[in-house]
Amino acid sequence: MSLTHTATTLWHHARIASLHGSEPWGWLEDGAMLTRGEHIIWCGPRTELPAEHKQSITQEVDFDGALVTPGLVDCHTHLVYGGDRAAEFEMRLQGASYEQIAQAGGGIRSSVAATRAASEATLLAGATRRARSLMAEGVTTIEIKSGYGLSLEDEARCLRVARTLGVRLPLSVRTTYLGAHAVPPEFAGRNDEYVDAVCAWMPELHARGLVDAVDAFCETIGFTPAQTRSVFEAARALGLPVKLHAEQLSDQGGAGLAAEFGALSCDHLEHLSDAGIRAMQAAGTVAVLLPGAYYFLRETKLPPIDALRAHGVPMAIATDHNPGTSPGLSMLLMLNMACTLFRLTPEEALRGATVHGARALGLHDRGTLAAGQRADFCVWDLDHPRELAYWFGHNPCRRTIVGGLERTL
């Protein structure tokens, strides 16, 4: 059947984990959805479809009892870059630390060199392959950061590639300006001057329509809280929301600083303090957990999961796909890692990859299956949503619907 946006479609005979309402998983054993255009206009038990909707149905899709969930949201990636860092992976296994590699000129700077050397077409081709891998497992919305250009035009190229992905692929893309990712070679020893440049480039990139949010790497090998504040103040002057790589390797008080600016999210958070948690809770800031980086770097200090739960801070899950510290391209593997490494429940993990992932991007029109939400959802060859975090190493995604239309790859 060829679906169209002008149709009113009844999707039925499904086990639906709507993640809406008070029931665990928002579970509908014999569920149905009605969509029109890009949105859901009704979702509930099949037998309770309102009479006023029945006459408007123009086509039906029978899911034959399959599991249906909201589309997955990968709210933290660095998808656009040149080259790879497999050699550094080998160095770490031989005893070098992440900090030692960075101080020796590797790490982010090596990706910057490879990205600057690559053509825009090459960057787009690589990012497209990676995006398709994520899409094949049900990702319908993705955030893509810059941060491997570190000059005005190279940052613009990376952000243009991200925007192009959102046009060419059936995928919602949100872009984040991460100029404050590392200090490029031409600014060596002049960190404050580089931060001034990052702030000066921001209005131009925003004027070109390339920036949805602004991020920074607040860390001992990154930028100080004072430098991060300068970046955030520049973002606020443009009306752009902020987010932060915070407390990954040490506690720099970044979470509290980000919360002061009403940050959408703070990400990583292995060294997050109680004060930082309280600040995030008060600001409504999402904690984005990145188990792929924790695993790949062989970290041992867990994020304070119990304290985040106790304070009601929403926890999102993302791949953190990047060439240096989390080269994974599987959101389903991240769900499993969030459970096995961080001890989240399967429901917490799925909510982290849908509801809270969307919130970490400032998006409130997706992440659940309910009236008014975008019709982004996945059909799985599984019996129960807990299996999404249980199985790994294969892909049970049967179909993906994006904005009410079936996606083909």
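## His 76, a buried histidine

His 76 is buried, with a relative accessible area of 0%; buried here means under 20% relative accessible area, exposed means over 50%, and partly exposed is in between (1.4 Å probe, protein chains only). This is a predicted model, where local features need pLDDT of at least 70 and side-chain atom pairs count only at pLDDT 80 or more, while totals for chains, interfaces and linings use all residues. Residues are numbered from 1 along each chain as its sequence is written, and side-chain values use heavy atoms, with hydrogens and water left out.

His 76 sits in the loop between β5 (72-74) and α2 (86-93). Helices (H or I, at least four residues) and strands (E, at least two) are DSSP runs, numbered from the N terminus. Leaving aside neighbours within four places in sequence, His 76 is in contact with residues including Glu 143, Lys 145, His 245, Asp 267 and Asp 320; contact means heavy atoms within 4.5 Å. The side chain of His 76 also has a polar contact of 3.2 Å with that of His 78. For a polar contact, take a pair of N or O atoms within 3.5 Å; within protein, one must be able to donate a hydrogen and the other to accept it, and residues adjacent in sequence count only if both atoms are side-chain atoms.

## The annotated binding site

Where does UniProt place the feature "binding site"? The unreviewed entry puts it at His 76, His 78, His 245 and Asp 320. These residues span 245 residues in sequence, yet no two of their C-alpha atoms are more than 12.2 Å apart, so they gather at one spot. Among them, His 78, His 245 and Asp 320 are in the lining of the largest cavity. A cavity is a set of points on a 1 Å grid over the protein atoms alone where a 1.4 Å probe fits but cannot get out, and lining residues have an atom within 4 Å of a point. UniProt positions are given in the numbering used here, feature names are shortened, and annotations may be inferred rather than shown by experiment.

His 245 belongs to strand β9 (residues 243-246) and is buried too, at a relative accessible area of 4%. Not counting residues up to four places away in sequence, His 245 touches His 76 and His 78, and its other partners include Lys 145, Asp 215 and His 268. With Asp 215, the link is a side-chain to side-chain polar contact of 3.0 Å.

## Salt bridges

Across the whole structure there are 24 salt bridges, each a side-chain nitrogen of Lys or Arg within 4 Å of a carboxyl oxygen of Asp or Glu. In one of them, Arg 374 pairs with Glu 38, their closest N and O atoms being 3.3 Å apart. Arg 374 lies in the loop between α15 (355-360) and β13 (377-380) and Glu 38 in the loop between β2 (27-36) and β3 (39-45), so the pair ties together parts that are 336 residues apart in sequence. Arg 374 counts as buried at 11% relative accessibility, whereas Glu 38 is partly exposed at 36%.

Arg 190 and Glu 193 form a salt bridge as well, with closest N and O atoms 2.6 Å apart. Arg 116, Asp 154, Arg 157 and Glu 186 are linked in a network of salt bridges.

## The whole protein

The secondary structure comes to 16 helices and 15 strands. Of the 409 residues, 59% count as buried.

Conventions
On a 1 Å grid over the protein atoms alone, a cavity is a set of points where a 1.4 Å probe fits but cannot get out, and a pocket is an open set with protein on both sides within 12 Å along at least five of seven lines; lining residues have an atom within 4 Å of a point.
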